[in-house]
Amino acid sequence: MINLRIDDTPVQAEPGQTILVAARGVGIRIPTLCQVDALSPVGACRLCLVEIRNWNGRLVPACATPAQEGLDVVAHSEKLTILRRTILELLFAERNHICAFCVSSGHCELQDLATELGMDHVTFPYRFPFLPVDATHPKFGLDHNRCVLCGRCVRACSEVEGAYTWGFSGRGVATLVEADLGDPWGASKTCTACGKCVQACPVGALFEKGKATAEQVKRPEILAEVTERRPRV
Amino acid sequence: MSKVRLASVWFSGCSGCHMSFLDLDERLLELASKVDLVYSPIVDIKEYPDDVDVLLVEGAIGNTEQRHLLEEMRQKTKLVVAFGDCAVTGNIPSLRNPIPREELLRAVYGDGDIPGLEEGDVPKMLPQAMPIHTVVKVDRFIPGCPPPADRIWTFLQALLAGRRPELAGADLRFG
(Lines give C-alpha, C1' and ligand atoms only; values in the text may rest on other atoms or scores of the structure.)
Protein backbone atom coordinates (compact mmCIF):
# COMPACT_ATOMS: atom_id res chain seq x y z
CA MET A 1 0.00 0.00 0.00
CA ILE A 2 1.01 3.59 -0.70
CA ASN A 3 0.57 6.18 2.03
CA LEU A 4 -0.17 9.78 1.15
CA ARG A 5 -2.12 12.75 2.47
CA ILE A 6 -4.99 14.49 0.69
CA ASP A 7 -6.31 17.69 2.30
CA ASP A 8 -4.41 16.65 5.45
CA THR A 9 -6.27 13.34 5.59
CA PRO A 10 -4.07 10.22 5.63
CA VAL A 11 -5.00 8.09 2.61
CA GLN A 12 -3.92 4.65 1.48
CA ALA A 13 -3.84 3.72 -2.18
CA GLU A 14 -3.07 0.60 -4.19
CA PRO A 15 -0.08 0.81 -6.53
CA GLY A 16 -1.27 2.22 -9.84
CA GLN A 17 -4.28 4.03 -8.39
CA THR A 18 -4.55 7.70 -9.26
CA ILE A 19 -4.80 10.54 -6.77
CA LEU A 20 -8.42 10.96 -7.90
CA VAL A 21 -9.35 7.36 -7.08
CA ALA A 22 -7.51 7.55 -3.75
CA ALA A 23 -9.40 10.74 -2.87
CA ARG A 24 -12.73 9.18 -3.74
CA GLY A 25 -11.87 6.25 -1.49
CA VAL A 26 -11.97 8.56 1.54
CA GLY A 27 -14.91 10.62 0.32
CA ILE A 28 -12.95 13.63 -0.95
CA ARG A 29 -14.62 14.89 -4.10
CA ILE A 30 -12.44 16.44 -6.79
CA PRO A 31 -14.28 18.03 -9.76
CA THR A 32 -13.77 16.25 -13.10
CA LEU A 33 -15.08 16.56 -16.64
CA CYS A 34 -12.95 14.63 -19.14
CA GLN A 35 -12.52 11.72 -16.72
CA VAL A 36 -14.97 8.84 -16.78
CA ASP A 37 -14.55 5.45 -15.18
CA ALA A 38 -13.51 2.66 -17.58
CA LEU A 39 -11.77 5.04 -20.00
CA SER A 40 -8.08 5.83 -19.91
CA PRO A 41 -7.27 9.17 -18.26
CA VAL A 42 -6.06 11.98 -20.51
CA GLY A 43 -5.93 14.99 -18.16
CA ALA A 44 -7.44 17.15 -20.89
CA CYS A 45 -9.87 19.43 -19.05
CA ARG A 46 -7.61 20.30 -16.07
CA LEU A 47 -10.58 20.70 -13.73
CA CYS A 48 -9.15 18.06 -11.38
CA LEU A 49 -5.89 19.97 -10.86
CA VAL A 50 -4.52 19.45 -7.36
CA GLU A 51 -1.51 21.01 -5.68
CA ILE A 52 1.37 18.86 -4.43
CA ARG A 53 2.86 20.67 -1.43
CA ASN A 54 6.08 18.66 -1.37
CA TRP A 55 6.62 19.06 -5.12
CA ASN A 56 7.05 22.80 -4.69
CA GLY A 57 3.30 23.39 -5.03
CA ARG A 58 3.23 21.88 -8.49
CA LEU A 59 -0.22 21.50 -10.06
CA VAL A 60 -1.02 18.07 -11.48
CA PRO A 61 -4.24 16.52 -12.83
CA ALA A 62 -5.51 14.14 -10.13
CA CYS A 63 -7.11 11.87 -12.75
CA ALA A 64 -3.82 11.15 -14.52
CA THR A 65 -1.28 11.23 -11.67
CA PRO A 66 -0.57 7.98 -9.80
CA ALA A 67 -0.70 8.12 -6.02
CA GLN A 68 2.87 8.07 -4.70
CA GLU A 69 4.40 7.44 -1.30
CA GLY A 70 4.53 10.52 0.89
CA LEU A 71 2.64 12.90 -1.42
CA ASP A 72 1.07 15.85 0.39
CA VAL A 73 -1.88 16.75 -1.83
CA VAL A 74 -4.09 19.83 -1.59
CA ALA A 75 -7.40 19.07 -3.30
CA HIS A 76 -9.37 22.06 -2.05
CA SER A 77 -8.20 25.60 -1.47
CA GLU A 78 -9.28 29.10 -2.46
CA LYS A 79 -6.51 29.13 -5.08
CA LEU A 80 -7.65 25.83 -6.62
CA THR A 81 -11.28 26.98 -6.67
CA ILE A 82 -10.27 30.13 -8.55
CA LEU A 83 -8.15 28.10 -10.99
CA ARG A 84 -10.94 25.59 -11.62
CA ARG A 85 -13.55 28.32 -12.04
CA THR A 86 -11.28 30.10 -14.52
CA ILE A 87 -10.94 26.90 -16.56
CA LEU A 88 -14.71 26.48 -16.45
CA GLU A 89 -15.30 30.07 -17.57
CA LEU A 90 -12.95 29.51 -20.51
CA LEU A 91 -14.94 26.41 -21.47
CA PHE A 92 -18.19 28.40 -21.38
CA ALA A 93 -16.67 31.30 -23.35
CA GLU A 94 -15.20 29.05 -26.05
CA ARG A 95 -18.43 27.82 -27.66
CA ASN A 96 -22.16 28.48 -27.54
CA HIS A 97 -23.21 26.74 -24.34
CA ILE A 98 -26.75 28.00 -23.94
CA CYS A 99 -28.28 25.94 -21.14
CA ALA A 100 -31.81 27.29 -21.57
CA PHE A 101 -32.69 25.18 -24.60
CA CYS A 102 -30.17 22.35 -24.33
CA VAL A 103 -31.28 18.72 -24.49
CA SER A 104 -29.01 18.03 -21.51
CA SER A 105 -30.11 20.92 -19.27
CA GLY A 106 -30.58 19.58 -15.76
CA HIS A 107 -28.45 16.51 -16.54
CA CYS A 108 -25.26 18.23 -17.70
CA GLU A 109 -21.84 17.90 -16.10
CA LEU A 110 -20.76 21.36 -17.33
CA GLN A 111 -23.90 22.99 -15.91
CA ASP A 112 -23.40 21.12 -12.62
CA LEU A 113 -19.77 22.27 -12.43
CA ALA A 114 -20.87 25.92 -12.67
CA THR A 115 -23.05 25.30 -9.62
CA GLU A 116 -20.35 23.38 -7.77
CA LEU A 117 -17.60 25.91 -8.44
CA GLY A 118 -19.76 28.96 -7.78
CA MET A 119 -19.59 30.45 -11.27
CA ASP A 120 -22.22 33.22 -11.43
CA HIS A 121 -21.02 34.71 -14.73
CA VAL A 122 -18.24 34.40 -17.30
CA THR A 123 -15.61 37.12 -17.01
CA PHE A 124 -13.95 36.33 -20.36
CA PRO A 125 -15.35 37.62 -23.67
CA TYR A 126 -17.53 34.99 -25.35
CA ARG A 127 -16.23 33.87 -28.74
CA PHE A 128 -19.65 33.09 -30.25
CA PRO A 129 -18.17 30.86 -33.00
CA PHE A 130 -20.24 29.72 -35.97
CA LEU A 131 -20.32 25.93 -35.67
CA PRO A 132 -22.33 23.24 -37.47
CA VAL A 133 -24.71 20.61 -36.18
CA ASP A 134 -24.39 17.13 -37.71
CA ALA A 135 -27.84 15.54 -37.86
CA THR A 136 -27.04 13.02 -40.59
CA HIS A 137 -27.03 9.98 -38.33
CA PRO A 138 -30.42 8.23 -38.17
CA LYS A 139 -30.38 7.82 -34.37
CA PHE A 140 -28.06 10.48 -32.95
CA GLY A 141 -26.99 14.10 -33.42
CA LEU A 142 -23.79 16.07 -32.83
CA ASP A 143 -23.91 19.76 -31.90
CA HIS A 144 -20.39 21.20 -32.07
CA ASN A 145 -21.67 24.35 -30.33
CA ARG A 146 -21.96 22.38 -27.10
CA CYS A 147 -18.79 20.28 -27.35
CA VAL A 148 -16.09 20.77 -24.68
CA LEU A 149 -13.51 18.58 -26.48
CA CYS A 150 -13.15 16.28 -23.46
CA GLY A 151 -12.65 13.33 -25.83
CA ARG A 152 -14.88 10.97 -23.85
CA CYS A 153 -16.70 10.01 -27.09
CA VAL A 154 -13.40 9.38 -28.85
CA ARG A 155 -12.15 7.12 -26.05
CA ALA A 156 -15.48 5.32 -25.58
CA CYS A 157 -15.55 4.53 -29.29
CA SER A 158 -11.99 3.23 -29.47
CA GLU A 159 -11.49 1.70 -26.01
CA VAL A 160 -14.90 0.18 -25.31
CA GLU A 161 -16.65 -0.29 -28.65
CA GLY A 162 -13.45 -0.77 -30.65
CA ALA A 163 -14.89 0.99 -33.69
CA TYR A 164 -12.46 3.93 -33.78
CA THR A 165 -15.07 6.08 -35.54
CA TRP A 166 -14.44 9.29 -33.59
CA GLY A 167 -11.29 11.36 -33.75
CA PHE A 168 -10.17 14.97 -33.54
CA SER A 169 -9.50 17.31 -36.44
CA GLY A 170 -7.87 20.73 -36.24
CA ARG A 171 -5.92 22.34 -33.43
CA GLY A 172 -6.68 24.50 -30.40
CA VAL A 173 -10.07 26.21 -30.40
CA ALA A 174 -10.59 25.05 -34.00
CA THR A 175 -10.56 21.41 -32.90
CA LEU A 176 -13.65 19.39 -33.81
CA VAL A 177 -14.58 15.82 -33.10
CA GLU A 178 -15.24 14.09 -36.40
CA ALA A 179 -16.43 10.72 -37.61
CA ASP A 180 -14.05 8.71 -39.78
CA LEU A 181 -11.98 11.24 -41.71
CA GLY A 182 -14.44 14.11 -41.57
CA ASP A 183 -17.40 12.32 -43.16
CA PRO A 184 -20.90 13.24 -42.04
CA TRP A 185 -21.66 10.94 -39.10
CA GLY A 186 -24.54 9.32 -41.00
CA ALA A 187 -22.15 8.33 -43.81
CA SER A 188 -19.64 6.69 -41.45
CA LYS A 189 -18.70 3.16 -42.49
CA THR A 190 -17.19 2.32 -39.09
CA CYS A 191 -19.93 3.58 -36.73
CA THR A 192 -21.89 0.68 -35.24
CA ALA A 193 -24.63 3.01 -33.92
CA CYS A 194 -24.03 1.56 -30.43
CA GLY A 195 -24.56 4.95 -28.78
CA LYS A 196 -21.71 4.59 -26.26
CA CYS A 197 -20.31 7.96 -27.35
CA VAL A 198 -23.66 9.59 -26.60
CA GLN A 199 -23.79 8.04 -23.13
CA ALA A 200 -20.16 9.06 -22.50
CA CYS A 201 -20.68 12.71 -23.52
CA PRO A 202 -20.90 14.91 -20.39
CA VAL A 203 -22.84 17.69 -22.12
CA GLY A 204 -25.47 18.13 -24.85
CA ALA A 205 -23.02 17.82 -27.75
CA LEU A 206 -23.99 14.22 -28.51
CA PHE A 207 -27.66 13.42 -28.13
CA GLU A 208 -30.37 10.99 -29.10
CA LYS A 209 -32.66 12.28 -31.84
CA GLY A 210 -36.16 13.10 -30.65
CA LYS A 211 -35.03 14.44 -27.29
CA ALA A 212 -36.24 17.97 -26.55
CA THR A 213 -34.95 20.49 -24.02
CA ALA A 214 -33.83 18.89 -20.73
CA GLU A 215 -34.93 15.40 -21.83
CA GLN A 216 -31.51 13.89 -22.55
CA VAL A 217 -30.27 11.90 -19.56
CA LYS A 218 -26.84 10.28 -20.03
CA ARG A 219 -25.50 7.11 -18.43
CA PRO A 220 -21.70 7.26 -18.69
CA GLU A 221 -21.52 4.50 -16.07
CA ILE A 222 -22.61 1.96 -18.72
CA LEU A 223 -19.02 2.06 -20.00
CA ALA A 224 -17.71 0.54 -16.76
CA GLU A 225 -20.66 -1.83 -16.64
CA VAL A 226 -19.55 -3.16 -20.03
CA THR A 227 -15.82 -3.35 -19.37
CA GLU A 228 -16.16 -4.90 -15.90
CA ARG A 229 -18.00 -7.86 -17.42
CA ARG A 230 -15.21 -8.55 -19.87
CA PRO A 231 -12.75 -11.35 -19.10
CA ARG A 232 -9.37 -9.99 -18.05
CA VAL A 233 -6.60 -10.87 -20.46
CA MET B 1 -36.52 53.44 7.75
CA SER B 2 -37.12 54.68 4.23
CA LYS B 3 -38.15 52.19 1.60
CA VAL B 4 -35.68 50.65 -0.83
CA ARG B 5 -36.00 52.24 -4.27
CA LEU B 6 -36.29 49.23 -6.58
CA ALA B 7 -36.36 49.34 -10.38
CA SER B 8 -36.46 46.76 -13.13
CA VAL B 9 -35.99 46.90 -16.88
CA TRP B 10 -36.64 44.55 -19.77
CA PHE B 11 -34.14 44.57 -22.62
CA SER B 12 -33.57 41.71 -25.12
CA GLY B 13 -35.39 38.98 -23.25
CA CYS B 14 -38.76 37.29 -23.27
CA SER B 15 -40.15 38.88 -20.05
CA GLY B 16 -39.97 35.45 -18.45
CA CYS B 17 -37.78 36.79 -15.64
CA HIS B 18 -40.43 39.41 -14.84
CA MET B 19 -43.09 36.68 -14.95
CA SER B 20 -40.98 34.71 -12.49
CA PHE B 21 -40.74 37.85 -10.33
CA LEU B 22 -44.57 37.98 -10.31
CA ASP B 23 -44.50 34.33 -9.25
CA LEU B 24 -43.37 35.62 -5.85
CA ASP B 25 -47.16 35.60 -5.32
CA GLU B 26 -48.15 36.57 -1.76
CA ARG B 27 -44.55 37.49 -1.05
CA LEU B 28 -45.16 40.50 -3.33
CA LEU B 29 -47.28 42.00 -0.52
CA GLU B 30 -44.37 41.79 1.88
CA LEU B 31 -42.08 43.19 -0.79
CA ALA B 32 -44.47 46.08 -1.48
CA SER B 33 -44.32 47.11 2.16
CA LYS B 34 -40.54 47.39 1.98
CA VAL B 35 -39.78 48.77 -1.49
CA ASP B 36 -40.94 51.51 -3.81
CA LEU B 37 -41.03 50.24 -7.38
CA VAL B 38 -39.82 53.42 -9.06
CA TYR B 39 -39.36 52.15 -12.63
CA SER B 40 -40.40 48.90 -14.30
CA PRO B 41 -42.30 47.44 -17.27
CA ILE B 42 -45.08 46.76 -14.75
CA VAL B 43 -45.46 50.39 -13.61
CA ASP B 44 -46.35 53.40 -15.75
CA ILE B 45 -43.27 55.59 -15.33
CA LYS B 46 -41.49 56.70 -18.50
CA GLU B 47 -38.33 58.35 -17.18
CA TYR B 48 -35.70 56.51 -15.20
CA PRO B 49 -35.46 58.39 -11.87
CA ASP B 50 -32.38 59.43 -9.91
CA ASP B 51 -31.13 57.69 -6.78
CA VAL B 52 -32.32 54.17 -7.44
CA ASP B 53 -31.04 51.64 -4.90
CA VAL B 54 -31.43 48.40 -6.84
CA LEU B 55 -32.02 47.72 -10.54
CA LEU B 56 -32.93 44.27 -11.87
CA VAL B 57 -31.90 44.04 -15.54
CA GLU B 58 -33.62 41.40 -17.64
CA GLY B 59 -32.30 40.68 -21.12
CA ALA B 60 -29.15 41.06 -23.17
CA ILE B 61 -28.07 44.33 -24.78
CA GLY B 62 -29.01 44.07 -28.45
CA ASN B 63 -29.31 47.62 -29.78
CA THR B 64 -27.98 51.14 -29.31
CA GLU B 65 -31.00 52.38 -27.35
CA GLN B 66 -30.68 49.57 -24.82
CA ARG B 67 -26.98 50.28 -24.43
CA HIS B 68 -27.62 54.00 -23.93
CA LEU B 69 -30.38 53.37 -21.39
CA LEU B 70 -28.30 50.88 -19.43
CA GLU B 71 -25.39 53.33 -19.24
CA GLU B 72 -27.75 56.05 -17.98
CA MET B 73 -29.31 53.66 -15.45
CA ARG B 74 -25.90 52.61 -14.16
CA GLN B 75 -25.09 56.22 -13.31
CA LYS B 76 -28.32 56.62 -11.36
CA THR B 77 -28.25 53.28 -9.55
CA LYS B 78 -26.35 51.94 -6.55
CA LEU B 79 -26.68 48.20 -7.20
CA VAL B 80 -27.11 46.85 -10.74
CA VAL B 81 -28.21 43.21 -10.90
CA ALA B 82 -28.02 40.99 -13.99
CA PHE B 83 -31.41 39.32 -13.68
CA GLY B 84 -31.62 36.00 -15.55
CA ASP B 85 -29.51 34.20 -18.16
CA CYS B 86 -29.99 36.70 -21.02
CA ALA B 87 -28.53 39.51 -18.92
CA VAL B 88 -25.83 37.23 -17.44
CA THR B 89 -24.70 35.29 -20.53
CA GLY B 90 -26.52 36.62 -23.62
CA ASN B 91 -28.51 33.36 -23.68
CA ILE B 92 -31.20 33.05 -26.41
CA PRO B 93 -30.70 36.54 -27.94
CA SER B 94 -27.00 35.65 -28.39
CA LEU B 95 -27.98 32.83 -30.76
CA ARG B 96 -27.68 35.41 -33.55
CA ASN B 97 -24.15 36.36 -32.56
CA PRO B 98 -22.24 33.98 -34.86
CA ILE B 99 -24.16 35.42 -37.86
CA PRO B 100 -23.07 38.81 -39.29
CA ARG B 101 -25.66 41.48 -38.43
CA GLU B 102 -26.46 42.58 -41.98
CA GLU B 103 -26.69 39.03 -43.31
CA LEU B 104 -29.12 38.20 -40.52
CA LEU B 105 -31.33 41.27 -41.05
CA ARG B 106 -31.43 40.71 -44.83
CA ALA B 107 -32.40 37.08 -44.31
CA VAL B 108 -35.31 38.21 -42.12
CA TYR B 109 -36.49 41.37 -43.93
CA GLY B 110 -35.33 40.74 -47.51
CA ASP B 111 -34.13 43.62 -49.68
CA GLY B 112 -35.25 47.21 -49.33
CA ASP B 113 -35.71 49.22 -46.14
CA ILE B 114 -34.46 47.19 -43.23
CA PRO B 115 -35.33 48.37 -39.71
CA GLY B 116 -32.39 48.37 -37.32
CA LEU B 117 -29.71 48.18 -40.00
CA GLU B 118 -28.95 51.87 -39.45
CA GLU B 119 -30.04 54.33 -36.77
CA GLY B 120 -33.65 55.41 -37.47
CA ASP B 121 -37.14 55.00 -36.06
CA VAL B 122 -35.92 51.66 -34.85
CA PRO B 123 -32.61 51.76 -32.95
CA LYS B 124 -29.58 50.31 -34.68
CA MET B 125 -29.02 46.66 -33.92
CA LEU B 126 -25.63 45.95 -32.34
CA PRO B 127 -23.34 43.41 -34.06
CA GLN B 128 -23.94 41.00 -31.18
CA ALA B 129 -26.37 40.67 -28.27
CA MET B 130 -24.15 41.02 -25.24
CA PRO B 131 -24.32 40.17 -21.53
CA ILE B 132 -24.86 43.41 -19.59
CA HIS B 133 -21.54 43.16 -17.71
CA THR B 134 -19.75 43.78 -21.02
CA VAL B 135 -21.44 47.21 -21.16
CA VAL B 136 -21.50 48.45 -17.54
CA LYS B 137 -20.18 47.34 -14.16
CA VAL B 138 -22.55 44.77 -12.71
CA ASP B 139 -22.72 44.21 -8.97
CA ARG B 140 -24.68 40.97 -8.72
CA PHE B 141 -25.74 38.10 -10.98
CA ILE B 142 -28.90 36.00 -10.72
CA PRO B 143 -28.62 33.16 -13.27
CA GLY B 144 -31.56 31.07 -14.44
CA CYS B 145 -33.87 30.91 -17.43
CA PRO B 146 -35.89 32.20 -15.75
CA PRO B 147 -34.53 32.40 -12.19
CA PRO B 148 -37.12 30.56 -10.08
CA ALA B 149 -39.22 32.77 -7.78
CA ASP B 150 -37.60 31.21 -4.70
CA ARG B 151 -34.16 32.20 -5.99
CA ILE B 152 -35.35 35.77 -6.57
CA TRP B 153 -36.82 35.80 -3.09
CA THR B 154 -33.58 34.53 -1.52
CA PHE B 155 -31.80 37.39 -3.22
CA LEU B 156 -34.34 40.08 -2.31
CA GLN B 157 -34.64 38.93 1.29
CA ALA B 158 -30.91 39.31 1.85
CA LEU B 159 -31.06 42.71 0.21
CA LEU B 160 -33.99 43.92 2.31
CA ALA B 161 -32.34 42.64 5.49
CA GLY B 162 -29.42 44.94 4.70
CA ARG B 163 -27.04 42.10 3.85
CA ARG B 164 -25.03 41.82 0.65
CA PRO B 165 -26.99 39.24 -1.34
CA GLU B 166 -24.73 36.35 -2.30
CA LEU B 167 -26.28 33.48 -4.20
CA ALA B 168 -24.52 30.14 -3.78
CA GLY B 169 -24.99 26.43 -4.29
CA ALA B 170 -28.10 25.36 -6.19
CA ASP B 171 -29.07 29.03 -6.64
CA LEU B 172 -26.16 29.39 -9.08
CA ARG B 173 -27.61 27.45 -11.95
CA PHE B 174 -27.88 28.40 -15.59
CA GLY B 175 -30.79 27.31 -17.74
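Predicted model: local features only at pLDDT ≥ 70, side-chain atom pairs only at ≥ 80, totals over all residues.
Which residues of helix H3 (residues 109-116) of chain A are buried?

**View 1. Helix H3 of chain A and its packing partner.** The buried residues of H3(A) are Glu109(A), Leu110(A), Gln111(A), Leu113(A) and Ala114(A). They pack against helix H2 (78-94) of chain A. An α-helix has 3.6 residues a turn, so residues three or four places apart point the same way. Follow the chain past the end of H3(A) and you come to Gly118(A), which has a positive phi, near 70°.

**View 2. A hairpin in chain A, formed by strands S1 and S2.** Here strand S1 (residues 2-6) of chain A meets strand S2 (residues 9-13) of chain A, and the two pair in the antiparallel sense through 5 bridges. To find your bearings, look for Leu4(A): its bridge partner in S2(A) is Val11(A). The hairpin has 2 residues between its strands, and Asp7(A), in the turn, has a positive phi of about 50°.

View 3. Chain A is divided into domain 1, covering 2-76, and domain 2, covering 98-227. Their C-alpha centres are 26 Å apart.

**View 4. Chain A as a whole, for orientation.** Stepping back, you can count 6 helices and 10 strands in chain A. Its radius of gyration is 18 Å, close to the 17 Å that the globule rule gives for 233 residues, so chain A is as compact as a globular protein of that length. Along the principal axes, its C-alpha atoms fill a box of roughly 50 × 50 × 30 Å. Of the 233 residues in chain A, 42% are buried. Among contacts in chain A with a separation of 6 or more, 62% are between residues 24 or more positions apart.

**View 5. The open sheet of chain B, with its 5 strands.** Reading across the sheet, the strand order is S2-S1-S3-S5-S7, and the pairing is parallel.

**View 6. Strands S3 and S5 of chain B, with a helix lying across them.** Strand S3 (residues 52-58) of chain B runs parallel to strand S5 (residues 77-83) of chain B, and 5 bridges join them. A handy landmark is Leu55(B), which stands opposite Val80(B) in S5(B). Helix H3 (residues 64-75) of chain B lies across S3 and S5 of chain B as well as strand S1 (4-10), and runs at about 135° to S5(B).

**View 7. The contact between chain A and chain B.** Chain B supplies 25 residues to this contact and chain A supplies 17 residues. On the chain B side, helix H4 (residues 85-89) of chain B gives the largest share, 3 residues. By class, the residues of chain B that touch chain A are 14 nonpolar, 9 polar and 2 charged.

Terms used:
Residues numbered from 1 in each chain as written. Chains lettered and ligands numbered in written order. Contact = placed C-beta atoms within 7 Å. Helix = DSSP H or I, 4+ residues; strand = E, 2+ residues; numbered from the N terminus. Nonpolar A, V, L, I, M, F, W, Y, C, P; charged D, E, K, R; others polar. Pairing = 2+ DSSP bridges. Axes fitted to C-alpha atoms, helices over the stretch in contact; angles between N-to-C directions. Domains from an automatic or database assignment. Rg over C-alpha atoms; globule rule 2.2 N^0.38 Å. Buried ≥ 20, exposed ≤ 12 C-beta atoms within 10 Å, placed from the backbone.
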